[in-house]
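Me: I am new to this structure and would like to learn how to read a few of its features. Please go through them in turn.

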Amino acid sequence: MVMGDIATATDLLVIGAGPGGYVAAIRGAQKGLDTTLVEKGAFGGACLNRGCIPSKAFIHGADVAHDAANAEDIGIHADPAVDMSRMQEWKSGVVDQLTGGVEKLCKANGVSLLEGTASFEDEHTARIAHGGEGQGMETVEFEHAVVATGSRPIQIPGFDFADDPVLSSEDLLAMDSLPDRLVVVGAGYIGMELSTMLAKLGTDVTVVEMLDDVLPGYEDDVQRTIRSRAEDLGIEFNFGEGATGWEDTGDGVVVSTETEDGETAEYLGDAVLVAVGRQPVTDTLELESIGLEPNENGFLATDDRARTDVENVFAVGDVAGEPMLAHKASAEGIVAAEVAAGEPAALDQQAIPAAVFTDPEIATVGMTREEAENDGFDPVVGEMPLRASGRALSMGESEGFVRIVADEESGIVLGGQLVGPNASELVAEVALAVEMSATLEDVAGTVHTHPTLAEAVMEAAENAQGQAIHTLNR
Amino acid sequence: MVERTFELPDLGEGIAEGELVSWLVAEGESVVEDQVIAEVETDKALVEIPSPQEGTIARLHYDEGEIVPVDAVFVTFDVAGEEGEEVTDVADGEVADESSEPTETAETADTVAAETPGVESDEAATGEDDVESAGPADDAPVPSGRVFAAPSTRSLARELGVDLAAVDGSGPGGRVTDADVRAHADGTSAEAASAAVVTGSAAATADGTESAATVAPADAGAVDIQEGGAASTSGPAAGAPASTPTADRDRTLGMPATRRLADELGVDLDAVPASEEREGEPFVTPEDVRQFAAGGSADTAAESSTAPAETTEAGASTVSVGGEDGGAGETAPEVSAGRKSSGAGTGADVEARSGERVPYRGVRRTIGEQMAQSKYTAPHVSHHDEFDATELVELRKELAAVADDEGVKLTYLPLVVKAVTAALQEYPYLNSSLDEENEEIVLHDEYNVGIAVSTDAGLMVPVIKNADEKGLKQLAEEIQDLAERARNRKIKPEEMQGGTFTITNIGVIGGEFSSPIINHPEAAIFAMGPIKERPWVVDSEVVARETMRFSMSVDHRLVDGADAARFSNRVKELLVEPSRLLLE
Ligand SMILES: Cc1cc2nc3c(=O)[nH]c(=O)nc-3n(C[C@H](O)[C@H](O)[C@H](O)COP(=O)(O)OP(=O)(O)OC[C@H]3O[C@@H](n4cnc5c(N)ncnc54)[C@H](O)[C@@H]3O)c2cc1C
């Protein structure tokens with residue numbers, strides 16, 4: 001121990017205050033564990049400070065502007081002026097309110113908060129290096145530790161985030177003014193959300209994607225709906241091309257790409273957003289001191305109790321593997337804290353829902369038809385197109401659908417895919433059904449409010465049973 | 001070395017679990033293939049579990065005395081030389097590794113997006129657990145396959161250390177409910193309960209004192225069947241009076257607790273008129289069951305529809321000792337509890353009672369279930385009589401001396417068996433069963449006589465097959481062998497099946513008469529009382545003679561009182577002048 005060190009002891013040391021870490025800390029404290037939460041940056045992690053919340057705030061702003069400007073059909077003529085720095089302030093207000101809330105909640109639950117970078121010294125000791133000069137070090141002895149260090153954007157060769165025109169999602173969400181022209185590398189969910197948002201705010205967006213469609217991994221009809229809407233917004237797609245480098249020509253940034261066959265192309269923008277995925281953060285921790293190593297994908301492998309190979313060390317959230325989503329991080333954080341408290345918790349969820357805040361939104365949970373088949377089920381699928389939904393039409397929307405997948409024999413709901421306004425909200429009902437092992441009849445037998453989009457979930461369940469009222473049954 | 005798990009194998013039809021009586025091996029011990037590693041008691045018998053392979057015992061997953069569900073991982077072996085083979089029970093933290101490779105996707109899509117749709121977190125859920133939990137909880141809680149159950153139910157399962165994958169769900173679509181998990185934890189799976197009803201698996205009965213039945217002190221009651229003494233009884237009864245309407249469905253919904261209640265009351269759920277519907281299927285409430293049980297034995301109608309055929313061969317009968325003294329105290333309250341709730345009550349008063357609590361399971365529960373089933377199914381008629389056994393006593397003495405030389409111990413029982421089988425041939429209805437489904441009475445063409453034996457675990461009824469074809473010496477030998485193995489728990493289930501008539505010997509412990517309960521689905525049971533000197537009128541004078549008193553119960557659906565009396569007279573004749581038996 002270094003002279004001048006302060007040493008404290010804690011039952012549960014949580015490293016990282018994102019949705020995985022802060023939730024684990026609060027639950028640990030609720031379970032009576034003396035809990036310490038260390039954060040090197042901002043409380044709330046990527047999600048609150050530079051991910052979910054800021055992106056959704058901007059998407060909302062963009063929607064308001066775009067909807068107002070595109071409402072001639074319903075007799076509204078407007079040409080909204082967008083003040084980007086004001087929108088930035090508003091977003092920051094939202095973020096501050098939430099991150100302040102996280103800090104308050106932690107304190108109110110009795111969690112000790114520490115600012116600094118934690119690294120392991122041995123299986124029961126961590127060193128916390130405080131930021132800033134002369135802040136020094138401190139030692140924390142712990143019974144259990146939860147690693148919740150999250151992820152950071154992946155950098156690709158030729159594109160260094162340190163260079164001004166090369167933007168990460170975080171950089172983009174911090175901008176006070178928008179680029180007129182933007183090249184976006186990657187049509188995954190972050191790339192598509194931000195492209196859509198920028199296009200709505202007036203930026204010319206060119207997307208370069210290595211694979212052959214947007215949102216790789218989603219079903220064809222989902223991809224198709226999103227792509228065609230994006231094209232309507234003026235987004236230009238270039239599939240099958242990988243970005244190889246960029247050059248500042250004075251007139252802007254030229255991004256060069258190459259296909260598999262070696263054909264090259266160039267796209268002009270004022271900046272380039274690189275959104276090709278995120279990688280787990282394990283290099284801040286000195287994991288070697290406890291004999292822990294990331295697996296070949298860079299994640300910390302965990303068992304069904306969120307434990308790593310070191311028995312008293314848990315890993316949750318983005319650092320512990322896919323899906324890298326905030327709610328998955330929180331669910332794991334809760335299990336880790338409860339297991340540390342000696343409770344029989346486990347990661348036995350049937351499914352983790354996922355939402356993409358494009359236009360329209362996409363949300364999925366559980367299995368697709370194909371996944372159910374691969375899993376040995378004999379699936380039955382029901383669907384309700386939103387053009388048959390009174391609520392969708394009265395919102396000026398006619399694209400999208402709700403699809404529900406169930407096991408034919410038992411009627412138990414296995415999953416759902418939803419495309420449409422507020423799909424991210426609607427999926428909660430399907431997620432509950434999947435988690436509860438509810439049957440199609442359970443969903444269809446639940447009276448849904450009219451007129452709502454949620455009725456489409458009920459109708460899809462009826463359709464799967466061949467008895468939908470508002471759509472023709474298969 | 002590689003680990004391999006071994007699940008508790010199938011223990012027989014309709015058997016969902018067994019009580020681990022003893023481990024015959026220890027962790028770290030090496031075993032050879034087929035070596036017996038454990039003894040497991042089911043409702044029907046003690047079963048020896050052989051090792052499926054050669055290897056070293058890495059882990060024993062249950063403690064002695066615990067209930068092990070069929071198909072639950074039971075033993076883990078370390079097996080040499082199977083490198084690379086799949087290990088079934090080891091966690092691998094799949095989910096964590098499952099992501100796409102950032103480097104690969106780096107130049108293209110967003111990894112998250114690529115992976116999110118429909119990620120099943122349950123794929124992660126394999127695994128071992130460790131630390132705080134001990135015992136089965138260790139291996140059970142997180143199922144590796146997809147199990148349909150709500151989060152709260154899964155959490156309950158973890159708390160109770162129940163492997164959800166081993167629980168049969170009774171909810172809609174086979175979903176596992178809290179009640180299913182609790183029932184499983186209690187060692188009573190709802191399914192097992194209903195299965196028992198369906199197969200009508202055999203067993204016991206007892207005479208009026210059935211509460212005493214139980215675990216009669218083995219030595220006291222243990223009955224020396226050999227000694228002409230006495231004891232218990234048993235006996236099936238078949239079908240049901242068709243008086244109350246029965247529903248007779250193929251499928252009935254009901255909560256596990258309701259199924260258990262039905263089982264306790266010997267009621268087939270499919271026969272109970274349902275007062276509700278769920279999922280478009282009839283749904284039976286506990287009230288329905290009680291009403292049905294109280295309102296007439298109709299219940300059993302449905303039961304016997306499946307039972308008779310199967311039961312006749314399935315019936316591993318158990319029997320209880322009539323003795324008043326036996327372990328009566330302990331189990332009596334439970335029995336009466338069951339009774340009470342069958343009437344009107346809820347049994348709640350019993351739930352609240354203090355006192356030692358003995359688990360109601362295994363042989364004890366089978367006895368109870370079978371008694372209830374028999375009693376609620378077959379209207380019993382009892383018949384009592386007495387005869388002068390002087391010649392019988394003399395004959396036995398003579399024969400016993402001869403048999404002794406040959407190393408065979410001859411008791412009265414073989415003589416009674418002989419007399420009974422002879423009489424049965426003349427009165428075939430006493431050797432019959434009711435096949436209710438087909439509305440036919442089956443007059444058995446075999447004379448398989450069950451002998452009630454008191455054991456430590458309760459009463460069992462081994463069966464002497466084709467008793468009519470066997471001589472006294474062979475009968476004596478077989479009875480001795482079966483009784484001994486029943487007591488050592490070495491008897492096989494099939495040796496307790498297929499009875500057509502049961503004899504019990506209440507004389508050993510004491511008492512004169514009893515009202516034995518028929519060993520379902522047989523038609524009658526014969527209870528020998530003790531032979532002793534009693535006043536007897538000979539030529540208008542009271543003299544002391546050795547006499548035997550006996551009791552019989554018959555299923556009135558099959559046999560009228562007059563026939564019972566005629567049969568009893570014939571048995572008497574043969575035993576009063578036992579030399580006639582030599583002609584049989
Ligand atoms: C633009 C964008 C949009 C997104 N939108 C969504 C969305 O809509 N829905 C969704 O579910 N998810 C979304 N995500 C993903 C989501 O943000 C992450 O899944 C989530 O933040 C993961 O939480 P976490 O707790 O694992 O890690 P993080 O939130 O990354 O938190 C980790 C924290 O640990 C700290 N830390 C790291 N190392 C140390 C150390 N050694 N000592 C102390 N502190 C340390 C970091 O500073 C950080 O604050 C989005 C992400 C981005 C970038």
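Me: Which residues form a negative surface patch?

Reply: Patches are made of residues with over 30% relative accessible area and no salt bridge, with like charges joined within 9 Å and nonpolar side chains (Val, Leu, Ile, Met, Phe, Trp, Tyr) within 5 Å. A salt bridge is a side-chain nitrogen of Lys or Arg within 4 Å of a carboxyl oxygen of Asp or Glu. Here the negative patch consists of A:Glu370, A:Glu373, A:Asp378, A:Glu408 and A:Glu409. Of these, A:Asp378 sits in the loop between helix 9 (369-374) and strand 20 (379-385) of chain A. Helices (H or I, at least four residues) and strands (E, at least two) are DSSP runs, numbered from the N terminus.

Me: What kind of model is this?

Reply: It is a predicted model, where local features need pLDDT of at least 70 and side-chain atom pairs count only at pLDDT 80 or more, while totals for chains, interfaces and linings use all residues. Residues are numbered from 1 along each chain as its sequence is written, chains are lettered from A and ligands numbered from 1 in the order in which they are written, and side-chain values use heavy atoms, leaving out hydrogens and water.

Me: How many disulfides are found over all chains?

Reply: A disulfide is a covalent bond between the sulfur atoms of two cysteines; the cut-off is sulfur atoms within 2.5 Å. The search of the whole structure gives one. A:Cys47 and A:Cys52 form it, with sulfur atoms 2.3 Å apart.

Me: Why is the disulfide of A:Cys47 and A:Cys52 called left-handed?

Reply: Because the torsion about its S-S bond is about -130°.

Me: Is A:Cys47 buried or exposed?

Reply: Buried means under 20% relative accessible area, exposed over 50%, partly exposed in between (1.4 Å probe, protein chains only). A:Cys47 is buried at 10%, and A:Cys52 is partly exposed at 28%.

How values were computed
Areas by Shrake-Rupley, 256 points an atom, 1.4 Å probe, with all protein chains shown as cover. Lys, Arg positive; Asp, Glu negative; His and termini not counted. Charge placed at Lys NZ, Arg CZ, Asp CG, Glu CD.
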